[in-house]
Amino acid sequence: MKQLRLGVLAGLFAVAGVLSWGGARLWDTVGTLPSVPLAAPVVLAVIAVVLLATALSIRSRLRAQRERRPGAKGVEPLMAARAVVFGQASALVASLVCGMYGGVGVYLLMNSLDVPARRDQAIYAGLAVLAGAGVVAAAFFLERVCKLPDDEETGAAPTV
């Protein structure tokens, strides 16, 4: 399984941001710009918390198994692999969504901060970008927790 690359996520964020900025600019000249939902940062923050909780749970179970504590529950490799895939998919989607809200937020910051409703939309967009960054950070942490020790024969460090 390939590891997440920060460059790929940053590229997705940038492309989605530029496209959504242009789309917001075009949409605003044609009609009214759709609003940024308040639920966007909330949902992204919930996903980040779930990823972080999963990573902390797996890390504590691995530590207990490594220290050979009595009654320690091990980590099934398939469950760890599913967690990593969930984290990677969440990071990819979060980078796209954050790019979209980031582009709309930049457009709103540049053009219409004098309108209170638009100012609130810009704040929601900024919070969504921050929550998405939390999702990406939690996904990287989860991937690091589930990483296998270095393989001496190949020198590679595969993930579970």
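The chain holds four helices and zero strands, and its pattern along the sequence reads α-α-α-α. Keep in mind as you look around that this is a predicted model.

**Overall form**

Let's start with the whole chain. Its radius of gyration is 20 Å, whereas a compact globule of 160 residues would have one near 15 Å. The C-alpha trace spans about 65 × 35 × 20 Å along its principal axes. Of the 160 residues, 33% are buried.

In soluble globular proteins, nonpolar side chains tend to be buried together. In this chain, the largest nonpolar core has 33 residues, and the members that touch the most others are Leu 44, Ile 58 and Leu 142. Which elements give two or more residues to this core? They are helix H1 (6-30), helix H2 (39-66), helix H3 (77-111) and helix H4 (116-145).

Setting aside residues up to four places away in sequence, Leu 142 touches Leu 51, Thr 54, Ala 55, Ile 58, Ala 83, Val 84 and Gly 87. One of these partners, Ile 58, is itself among the core members with the most contacts to other members.

| Residue | Relative accessible area | Class |
|---|---|---|
| Phe 86 | 39% | partly exposed |
| Ser 95 | 5% | buried |
| Arg 61 | 23% | partly exposed |
| Val 85 | 43% | partly exposed |

Is Ser 95 buried or exposed? Ser 95 is buried because its relative accessible area of 5% falls under the 20% cut-off. This serine sits in helix H3. Beyond residues up to four places away in sequence, Ser 95 touches Leu 9, Leu 12 and Phe 13.

Phe 86 also belongs to helix H3. With a relative accessible area of 39%, Phe 86 is partly exposed, since that value lies between the 20% and 50% limits. Leaving out neighbours within four places in sequence, Phe 86 is in contact with Val 50 and Leu 51. Leu 51 is also one of the residues that Leu 142 touches.

Val 85 is found in helix H3 too, and at 43% it is partly exposed. Its C-alpha atom is 24 Å from that of Arg 66, a residue 19 places away along the chain.

Arg 61 takes us to helix H2. What does Arg 61 touch, not counting residues up to four places away in sequence? Its partners are Lys 73, Gly 74, Val 75 and Met 79. Arg 61 and Phe 86 are 19 Å apart in space and 25 residues apart in sequence. For Arg 61 and Tyr 107, the separation is 45 Å in space and 46 residues in sequence.

Technical notes: Residues numbered from 1 in each chain as written. Predicted model: local features only at pLDDT ≥ 70, side-chain atom pairs only at ≥ 80, totals over all residues. Heavy atoms only, no water. Core = buried A, V, L, I, M, F, W, Y, C linked by side-chain atoms within 4.5 Å. Buried < 20%, exposed > 50% of the residue type's maximum accessible area, 1.4 Å probe, protein only. Contact = heavy atoms within 4.5 Å. Rg over C-alpha atoms; globule rule 2.2 N^0.38 Å.
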